[in-house]
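Student: Hi, thanks for making time! Can you walk me through this one before I look any further?

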Amino acid sequence: MSSAAAPRCWTAGEMGHALRAAFAMGSEQRTDEPLAVEIPNGLRCTSYAPRSFQAMSELFGISVQRYLWEWDLDDSHALKPGGGRQGQFLKSRGGSFLLKTILKTEFLTLMDVLQDLYQHLLQHPNSLLAPFFACLRLAQGAQSSYVLVQGNVCDPSGLPPQLFSHKLEVFDLKGRAPKRHLPRPQDGEVVRDTHLSRLFPLAKDVCRLLQDQLAADLAFLQAHQLMDYSLLVAVARPTSPKDSGSMAAGSVVVVGCPVGENPPKTGTMVRAPKASRSAFQRYYGGIAAAAPATGEVFYIGLIDSLTHYNAGKVVANLCKRFRWEEASLCTIPPKHYAARLRHYAACVFPAAPEGVPAAPLWTCTVELKLPRAEFEDPAMEFPIGVGTAC
């Protein structure tokens, strides 16, 4: 018996062409009816909810010209594996967007929550939820893939290259205890909860604002029965400590065009950080760390938020509890998942003591213990080790 054909790997050029054509046509749509888009190489493309995604783009001030420039790609741009999840992802030309292939179940979840998500983002300009700007289905013969475009939480385009390194340290946090001992990540690899050995200190007022917004975002995800998402934190460091204070927050910096190229006349300038609708994106596109000696910048967002807690996840939870501790699982009910991550975030984003310059790495050991009152199941109390900073 012959095995099923492997899913087709779309090229960057094909995906870029499809996104540009779909967005240009969608900008003229007045309904959310699926839109058939003609693209070369025998591919069929369907753009879903074009009007809703156009409204999302307008909410975030994304022009048609800028979007078209970002996705003007050729096949020299590489698609990368999607980490621990199936599929591929691709960064746009200027780095402001990410494209990723998603499962059909995630596509159906997105269609269910899209209108409510728009209203949530409209009412919460500081939301940490990564916004979505397009969803397509690419098909050729019997093979097809769903692709999603979202904002890039780790977008360094607001960092002036003469002051900051664009090589970010990225942390993917779920607030769970480690299942097993994992090798330490190499330089440039994403750091998980298991190897988190630092905190992310913030000014007291920013810390309070962050916790309040995180609570609202987690309540939204819980209400829609979503779980297994991550709190993504990216850290940018100045190229030299003495440079960290040489530019004021909110300064206008022209970025977003590859080095050595003159920017096209339309749609290529990334707007100044002060123009962002979010209070968490106004210091070089991120948040200033409460560590003026080093001038770190934090980029924070909630990602991978399209996993629905269905019957399959319930069964998976029951099966996994025989092998691993409940504290290490992601397949837990949305209420428990949200409460766990909220408590975890309160510990890893401490408010810096007033009047005391805080180092970016605090020498400390942190144990997070979730109160029983947060859970329906009293057996859900557990410690989560953050480790010792050095």
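Tutor: Happy to. A word on labels to start with: helices are DSSP runs of H or I with at least four residues, strands are runs of E with at least two, and the numbering starts from the N terminus. Also keep in mind that this is a predicted model.

Student: Got it. How many helices and strands are there in the chain?

Tutor: The chain has 7 helices and 16 strands.

Student: And what share of the residues counts as buried?

Tutor: 50% of the 390 residues do. On contacts, if you take those with a separation of 6 or more, 69% of them join residues 24 or more positions apart.

Student: Let's pick a helix. How many residues does α5 have, and how far does it reach?

Tutor: α5 runs over residues 204–223, which is 20 residues. From its first C-alpha to its last it reaches 29 Å, close to the 28 Å expected at 1.5 Å a residue.

Student: Which residues of α5 are buried?

Tutor: The list is Cys207, Leu210, Gln211, Gln213, Leu214, Ala215, Asp217, Leu218, Phe220 and Leu221.

Student: Let's take α7, then. At what angle do α5 and α7 cross?

Tutor: Roughly 165°, and their axes come within 9 Å. That angle makes α5 roughly antiparallel to α7, and the crossing is right-handed.

Student: Which residues make that contact?

Tutor: From α5 you have Gln211, Leu214, Ala215, Leu218 and Gln222, and from α7 Pro334, Lys335, Ala338, Leu341, Arg342, Ala345 and Ala346. By class, the contact of α5 with α7 holds 8 nonpolar, 2 polar and 2 charged residues.

Student: What is Leu341 in contact with, leaving aside its neighbours within four places in sequence?

Tutor: Leu341 touches Leu173, Lys174, Gly175, Leu218, Tyr229, Leu231 and Leu302. Another pair to look at is Leu341 and Ser230: they are 111 residues apart along the chain, and their C-alpha atoms are separated by 8.6 Å.

Student: Nice. Now the other helix partner: how do the axes of α4 and α5 cross?

Tutor: At roughly 165°, with the axes coming within 11 Å. α4 and α5 are therefore roughly antiparallel to each other, and their crossing is right-handed. The residues involved are Asp116, Leu117 and His120 of α4, with Gln213, Ala216, Asp217 and Phe220 of α5. They divide into 3 nonpolar, 2 polar and 2 charged.

Student: Why does Gln213 count as buried?

Tutor: Because its relative accessibility is 8%, and buried means under 20%.

Student: What about α2, how does it pack with α4?

Tutor: α2 (residues 50–59) and α4 (residues 104–123) pack at an angle of about 25°, with axes 11 Å apart. That makes α2 roughly parallel to α4, and α2 passes α4 in a left-handed crossing. On the α2 side, Ser52, Phe53, Ala55, Met56 and Leu59 take part; they meet Leu110, Met111, Leu114, Gln115, Leu117, Tyr118, Leu121 and Leu122 of α4. The contact of α2 with α4 has 11 nonpolar residues, 2 polar ones and no charged ones.

Student: Changing topic to the backbone: what happens just after α5?

Tutor: Gln225 takes a positive phi of about 60° there. Most residues other than glycine have a negative phi. Gln225 is not a glycine; it is found in the loop between α5 and β10, and at 34% relative accessibility it counts as partly exposed.

Student: And what is the phi of Asp228?

Tutor: Near 65°, again a positive value in a residue other than glycine. Asp228 is in the loop between β10 and β11, and its 15% relative accessibility makes it buried.

Terms used
Residues numbered from 1 in each chain as written. Predicted model: local features only at pLDDT ≥ 70, side-chain atom pairs only at ≥ 80, totals over all residues. Heavy atoms only, no water. Axes fitted to C-alpha atoms, helices over the stretch in contact; angles between N-to-C directions. Parallel < 35°, antiparallel > 145°, perpendicular 65-115°, else oblique. Left-handed = near helix turned anticlockwise from the far one by under 90°. Contact = heavy atoms within 4.5 Å. Nonpolar A, V, L, I, M, F, W, Y, C, P; charged D, E, K, R; others polar. Expected span 1.5 Å × (residues − 1). Buried < 20%, exposed > 50% of the residue type's maximum accessible area, 1.4 Å probe, protein only.
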